[in-house]
Amino acid sequence: MIIAANCKINIGLDITARRPDGFHEIATLMYPVRGLADTLEIVPVAGDKAIFETSGLAIDCDPAQNLCLRAYRLMRDEFGVGAVRIHLHKKVPFGAGLGGGSSDAAAVIRGVAELFDLGLEESRMECLAARLGSDVPFFVRNVPALATGRGEILTPYAVDLSEYRLVIVKPPFGVGTAEAYRGVVPHTPARPLIERLQSPLVTWRTEIVNAFEPTVFAAHPRLETIKQTLYDQGAVYAAMSGSGSAVYGIFAQSPNGSLDMGDLFVYQCDMR
């Protein structure tokens, strides 16, 4: 079985309160980017031990703690499924705020459920996914959704960006989630994100913000430069995705300049 595990971007990200459990209350629109995806092959194998292989981008993580294996172990422990071999071909950069690892985990949950004919409903898979991380449930249904709570409460949100073009830019460094949250002061905007999203896209530049940007940009000024470059090249809206370090721009047409800066990862696709 071969599965594409696409990434996502965050459109707006409000951090409204710190929770007693140490997490934060957030509100963000998560939007799937189907063109940029990892590829997973999952096949059953003899024995009682999973095999995990990778290719493509090098993964800066202990293989035993990779979310793919953690997702498989969750399914094994929950449903008693047999061993599998998972081959992950990595294309989505990590440390980027694009949810690549979370998407891989959700793909393993969906793939194992299908491979072993478990007959799981999407709501059940979302509950399992939430045990692995806040972003993982989003990739089960993989449709635009308003994420609240710590990010695991998902409400499908109809937004049509199919006429636009997306450019994602990532510098050769990542931003850790803990680093991004450091220095953030929770704040409740005067208007909820869901109301601001209903404004014309041309107004998003001043109305819809990523609350991580001030502290992350202060620590990594190059990210602010990338965002400004996207605007200079004609972006209607530009922002950092999640906790970074990827910055994206939404364009009504192709950018009017080049982003080829040697060490930058640059990806362009339609937003269908």
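Contact here means heavy atoms within 4.5 Å, and helices (H or I, at least four residues) and strands (E, at least two) are DSSP runs numbered from the N terminus. The model is a predicted one, in which local features need pLDDT of at least 70 and side-chain atom pairs count only at pLDDT 80 or more, while totals for chains, interfaces and linings use all residues. Residues are numbered from 1 along each chain as its sequence is written, and side-chain values use heavy atoms, with hydrogens and water left out.

**Helix α3**

The buried residues of α3 pack against α1, α2 (100-115), α4 (138-141) and β6 (153-156). Within α3 (residues 122-130), the buried positions are Met125, Glu126, Leu128, Ala129 and Ala130, where buried means under 20% relative accessible area, exposed over 50% and partly exposed in between (1.4 Å probe, protein chains only).

Two strands are said to pair if DSSP finds at least two bridges between them. With strand β2 (residues 24-44), β4 pairs in the antiparallel sense over 6 bridges, and Pro44 has Val84 of β4 as its bridge partner. With strand β3 (residues 51-56), β4 pairs in the parallel sense, also over 6 bridges, and Ser55 stands opposite His89. Between β3 and β4 the chain passes through helix α1 (residues 67-79), and this β-α-β crossover is left-handed; the right-handed case is the one in which, with the strands pointing away from the viewer, the path from the first strand over the helix to the second runs clockwise.

**Aromatic rings**

Rings of Phe, Tyr and Trp (its six-membered ring) pair if their centres lie within 6.5 Å, and planes under 30 degrees apart count as stacked, over 60 as edge-to-face and the rest as tilted.

| Pair | Centre to centre | Angle of planes | Class |
|---|---|---|---|
| Trp204 and Tyr237 | 5.8 Å | 90° | edge-to-face |
| Tyr237 and Tyr248 | 6.2 Å | 55° | tilted |

Trp204 in helix α7 (residues 204-207) and Tyr237 in strand β8 (residues 237-240) are 33 residues apart, and their pair links distant parts of the chain. Tyr248 lies in strand β9 (residues 247-251), so its pair with Tyr237 ties together parts that are 11 residues apart in sequence. Trp204, Tyr237 and Tyr248 form one aromatic cluster; Trp204 is buried at 3% relative accessibility, Tyr237 at 1% and Tyr248 at 1%.

A charge sits over a ring if NZ of Lys or CZ of Arg is within 6 Å of the ring centre and within 35 degrees of the ring normal. Arg150 has its charged end over the ring of Phe23, 5.2 Å from the centre, and Arg205 lies over the face of Tyr231 at 3.6 Å from the ring centre.

**Ser199**

Ser199 is placed in the loop between α6 (193-196) and α7, and with 15% relative accessibility Ser199 counts as buried. Not counting residues up to four places away in sequence, Ser199 touches Arg191, Trp204 and Glu207. The side chains of Ser199 and Glu207 make a polar contact (3.0 Å), a term for a pair of N or O atoms within 3.5 Å in which, within protein, one must be able to donate a hydrogen and the other to accept it, and residues adjacent in sequence count only if both atoms are side-chain atoms.
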